[in-house]
Amino acid sequence: MRLSQAAPEQLRELEKSLSEQYLAFQTAGLNLDLTRGKPSAEQLSLSNALDGILNGNYSDGSGTDLRNYGGLDGLPEAKQLFADMLGVQAQDILVGGNGSLPMMYFSLQTALSQGLAGKDSAWSLQGPVKFLAPVPGYDRHFTASQHLGIELIPVAMNEHGPDMDQVEALVKSDPSIKGIWCVPRFSNPTGIVYSDDVVNRMAKLGHIAGDHFRIFWDNAYAVHVLDDQAPVLANLYEACKNAGTEDSVLIFGSTSKITFAGAGVGFMAASASNLSALKDALGYSTIGPDKVNQYRHVKFLKDQATLTKHMQKHAAIMKPRFDAVLQQLKSELGDDDIASWTEPQGGYFISVDTRPGLAKQVIQLAAEAGVKLTPAGAPFPYGKDPQDSNIRIAPSFPTINDLEKATEVFITCLKLATVRQALAS
Ligand code: PLP
């Protein structure tokens, strides 16, 4: 039965039976969590060989003592490994500490206060600073920007990426827009991959935006595919070089969800001029990164073929989890007009859209039945989902049994809230 066609009497009956199911969950004392986009212990164990891999040999290929200070921009072997992963040259790479988020924050800070193209280019000298925030997006991008006083302007996402008509119109009309946040492959939370057209239009933004505009291209899920048919992301850096806009992009990545989350390696790619400004600023805040961990990663991940095989092992663990959620959504809601959801071919999240005005309520109902979901509004600037309809599901961390149970509860809450809304209208 499609809810929109149900008679009031049918809705009342449905509400009654869903309330009974919901009460049964409430009394079952569940404690389940779908909030965390963290790798499971099983995934982390795929990289346990990192421990001890150097076997007492603390020199890299050029004889550098990995245990000592220095090597501000990373080991040459690590630059090569991550350059190949991002599709750039080793000279374009800066290898950092244990993750990419600190590098994004540091890049923001440097662009704001020191400038990425000489002192006069500091964003803070140019009045208020704004960034475009494709929504739904990654909450930490938004909170980091807000923390640094950057105003966020939401732009819509569609199945090809950010709405580029809107992006182009905004950057053309407002030179105080200094950047845009992008998660171009298996976007957090929608899982979409930016189309070639979107990537090409991104590459040209540097020509129409205000001075010192930067695309923050967070390729966090560059190699995190769930099936072999997953779309490939076009190479933004190449497109920028062709358009003569390579200074307009900063590309980020990490091994957080390849090896150990929190004990991986963060890296970034950028033009010589951007890297020079960032390295200069970095020199004031550190004497060098953890080269021991960088070299452990070089030894463990070796090359792109080894990396691909390693990611296939992740996919073998992740795919059944995604399938468990997607199959239940399809069998329980597939014939109805209650919600829509994404079916990602990679990444870490499934994004569900309820009917407008229900996300908060569904999340509240689920919490009261012992299932934690990401807070409503988190994937939006200032925590405000204007439709109150987006819910992010993170299937990686729970066991499949827990995931199935949690999804069952979630779907019951979703149906219950929707039926109640229909009855009230
Ligand atoms: N970027 C995106 C889009 C993410 O989803 C995450 C983690 O969930 C991160 C960055 C965090 O990256 P890192 O662990 O490299 O700091």
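The model is predicted: local features need pLDDT of at least 70, and side-chain atom pairs count only at pLDDT 80 or more, while totals for chains, interfaces and linings use all residues. Residues are numbered from 1 along each chain as its sequence is written, and side-chain values use heavy atoms, with hydrogens and water left out.

Asp218 places a side-chain N or O atom 2.5 Å from a ligand nitrogen. For Asn188, I noted a polar side-chain atom 3.0 Å from a ligand oxygen. Leu101 takes part through its backbone, with a polar atom 2.9 Å from an oxygen of the ligand. How much of the ligand does the protein bury? The ligand exposes 400 Å² when taken alone, and 86% of that is buried by the protein; the areas are Shrake-Rupley values with a 1.4 Å probe.

Pro189 sits in the loop between strand E6 (177-182) and helix H7 (196-208); helices (H or I, at least four residues) and strands (E, at least two) are DSSP runs numbered from the N terminus. Phe186 is in the loop between E6 and H7, and its phi is positive, near 50 degrees, in a residue other than glycine. I found a cis bond between Val135 and Pro136 too, with omega about -5 degrees. Pro136 belongs to the loop between strand E3 (130-135) and helix H5 (139-147).

I checked helix H1 (residues 8-27) against helix H13 (residues 400-424): their axes come within 9 Å and cross at roughly 145 degrees. The axes are lines fitted to C-alpha atoms over the stretch in contact, and angles run from 0 to 180 degrees between N-to-C directions. Residues in contact (heavy atoms within 4.5 Å) include Leu11, Leu18 and Phe25 of H1 and Val409, Leu416 and Leu423 of H13.

How values were computed
Polar contact = N/O pair within 3.5 Å; in protein donor to acceptor, adjacent residues only side chain to side chain.
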